[in-house]
Amino acid sequence: MIQASAVQHGMRLAASGAAPTAYHMPLVVTFAHEPDAGLLAKSCAAVVERHALLAVSVVERDGVTHLARSTAPVLRVAGPDESVEEEATRPFDLGEGPLVRFALFGRTLVVTAHHLVVDGLSKEVLLRDLAAFYAGEIPAPLPRTAEDELAAEAARLDAGRAAAEEFWSGRWAEPLPVVVGEHVLTGRDHRAGQVHAFEPPVPDLPGLTRFETLLAAVHALLGGYGNPRVTTGVDVSTREPGAFDTVGPFATEFPVDTRPGADSPFAEFAAGVRATLRAMYPHRSVPLARAVRRLQPHAAIAPVSVSYRRVGAAPRFDGAPAAVDWLAFAGSVRGDLQLQAVDDGTTVTARLRHPAAAAPVAARFAGDLCAVLTRVAADPGTLLRDLSPAAASGASGASGTSVPPAAAGAPATAPAPAGGELVEPVLAIWRDVLGDPAIGPDDDLFDLGGDSLTATQIIARMRKTLGVDVDIDTFFDHPTVNGVLDAVSAS
């Protein structure tokens, strides 16, 4: 059993009350020819043996997330009445594991993994290794195991936390509601969702990557809707060079905050977005929740988020390339607009995830974004005021597709009654977890150096020793012993 990374702990905390599929990462592979099911099963087993993190379960010990060995997943041949959508949305039992499964539907393989053990790049690594084993090849040994990488990541977090706290102390601010026409977006939780599929015409502009151009266009568009300050969540890889062949959850989400000025040329504005991203990258080993102590756990940092990834050529099975859906949808969305894009070097394919109520917003946003990108491709010096939605009203993205809503999460446990007699035993828990015998009943958890991990450790101790169940939001709203107990009593 090993201790989970800070990213995994935060994800497990956010996923505890989520829709069952909120952290599913399905991969759908359609082979050109009918595959050899027996050989494919052996290849899946070889991939899991190579990447042991795929065969784990999640265990909580006193509020700290750990990973334990589970049974290894095996390839399952789906029945005639089953569907790919049902397979991708079937919940995982985190406590039992494993956190990946393989199912074969004729010529289509569905690999469904939990975000606790994979990230976007992991899909490509997993599929590349699967194709190699299927072809009878033996991939080169990994320089380090996923467990080694998680340990190295924890060491980098400890080493970089002070610098990250200083960096974010002058930059982090709670995101504002996002205005899109007559709609106001505030959602940062997980909900059942739909997708709007389109292909944004992202140009190659001097001094910018395509990702930087796309992100700047998103911010320029949101500014054009009348948002004076724009904050979007952005997926950032935490992988070091030696980890690019390892399956694991080596990614985190950071906020990108801008103030789009109407008189700024797009190229100049985009250069500022690039500089903001580059300033964040040295601190990517420290999750935002560990650098900003009072950051309340949410599924999404902001109502609008962007994820972008380059992918290589599709792997070959039986001599022919497979068709790969890198952005397969599992039925849930985090936030209000979750833009995910993959770039194969030629075409950028995008899926805009959104709750059903935001379908008109998604269609408008996708169309306006395409128009903005078309304008800046023609003239990167176009002023932001000329990229307003009114100027972009003629474009539209492809129609979206709907997926049935995922099942609701498990109901919360009702808290046990509390009272003044619990102050001293709860104080004892706080003092032990924080290592400070002088803590008083009105001392603030976060002023004492606590964070979301500290809070979950205290919650676990209170549940185990006192039978008092407290949710994490209560700690952020009332971060003192007296405040927590008063909130529990009032509920």
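Tutor: Two strands are said to pair if DSSP finds at least two bridges between them. The model under discussion is predicted.

Student: Which residue in S4 is the bridge partner of isoleucine 2?

Tutor: Strand S1 is joined to strand S4 (residues 64–69) by 2 bridges, and the two strands run antiparallel. Within S4, the bridge partner of isoleucine 2 is leucine 67.

Student: Is strand S2 (residues 24–30) largely enclosed by the rest of the structure or largely exposed?

Tutor: A residue counts as buried when its relative accessible area is under 20%. In strand S2, 6 of the 7 residues are buried. The strand is therefore largely enclosed by the rest of the structure.

Student: Which residue in S7 stands opposite methionine 25?

Tutor: S2 and strand S7 (residues 108–114) run antiparallel and are joined by 7 bridges. Methionine 25 has as its opposite residue in S7 alanine 113.

Student: What is the omega of the cis peptide bond that joins glycine 97 and proline 98?

Tutor: Most residues other than glycine have a negative phi, and most peptide bonds are trans. Proline 98 lies in the loop between helix H3 (84–89) and strand S6 (100–105). The bond joining glycine 97 to proline 98 is cis, with an omega of about -10°.

Student: What is the relative accessible area of aspartate 318?

Tutor: Aspartate 318 belongs to the loop between strand S15 (316–317) and strand S16 (320–321). Its phi is positive, near 55°, in a residue other than glycine. Aspartate 318 counts as partly exposed, because its relative accessible area is 45%.

Student: How far apart are the C-alpha atoms of histidine 354 and histidine 196?

Tutor: Histidine 354 is part of strand S20 (residues 348–354) and counts as buried because its relative accessibility is 3%. Apart from neighbours within four places in sequence, histidine 354 is in contact with residues including Gly193, Val195, His196 and Asp336. Histidine 354 and histidine 196 are 158 residues apart along the chain, yet the separation of their C-alpha atoms is 8.0 Å.

Student: How many residues of helix H6 (residues 210–224) are buried?

Tutor: Helix H6 reaches 21 Å from its first C-alpha to its last, close to the 21 Å expected at 1.5 Å a residue. Just after H6, glycine 226 takes a positive phi of about 105°. H6 is largely enclosed by the rest of the structure, because the buried residues number 13 of the 15.

Student: Which residues of the largest nonpolar core touch the most other members?

Tutor: The largest nonpolar core holds 60 residues. One of its members, leucine 369, touches Phe198, Leu214, Ala217, Val218, Leu221 and Leu339, not counting residues up to four places away in sequence. A second, separate core of 52 residues includes Ala4, Met11, Met25 and Leu150. In the largest core, the residues that touch the most other members are Trp168, Phe266, Leu339, Phe365 and Leu369.

Student: What is the angle between the planes of phenylalanine 167 and tryptophan 168?

Tutor: Both phenylalanine 167 and tryptophan 168 are buried. Their rings lie 5.0 Å centre to centre and form an edge-to-face pair, and the angle between the planes is 85°.

Student: Why is the pair of tryptophan 168 and phenylalanine 254 called tilted?

Tutor: Tryptophan 168 lies in helix H5 (residues 146–169) and phenylalanine 254 in strand S13 (residues 251–258), 86 residues apart, so the pair links distant parts of the chain. Both residues are buried, and their ring centres are 5.4 Å apart. Planes under 30 degrees apart count as stacked and those over 60 as edge-to-face, with the rest tilted. The pair is tilted because its planes stand at 55°.

Student: Which residue lies over the face of phenylalanine 92?

Tutor: The position is judged from the ring centre, and the distance here is 4.4 Å. The residue over the face of phenylalanine 92 is arginine 101.

How values were computed:
Residues numbered from 1 in each chain as written. Predicted model: local features only at pLDDT ≥ 70, side-chain atom pairs only at ≥ 80, totals over all residues. Heavy atoms only, no water. Buried < 20%, exposed > 50% of the residue type's maximum accessible area, 1.4 Å probe, protein only. Helix = DSSP H or I, 4+ residues; strand = E, 2+ residues; numbered from the N terminus. Contact = heavy atoms within 4.5 Å. Expected span 1.5 Å × (residues − 1). Core = buried A, V, L, I, M, F, W, Y, C linked by side-chain atoms within 4.5 Å. Phe/Tyr/Trp six-rings, centres within 6.5 Å; stacked < 30°, edge-to-face > 60°. Lys NZ or Arg CZ within 6 Å of the ring centre and 35° of its normal.
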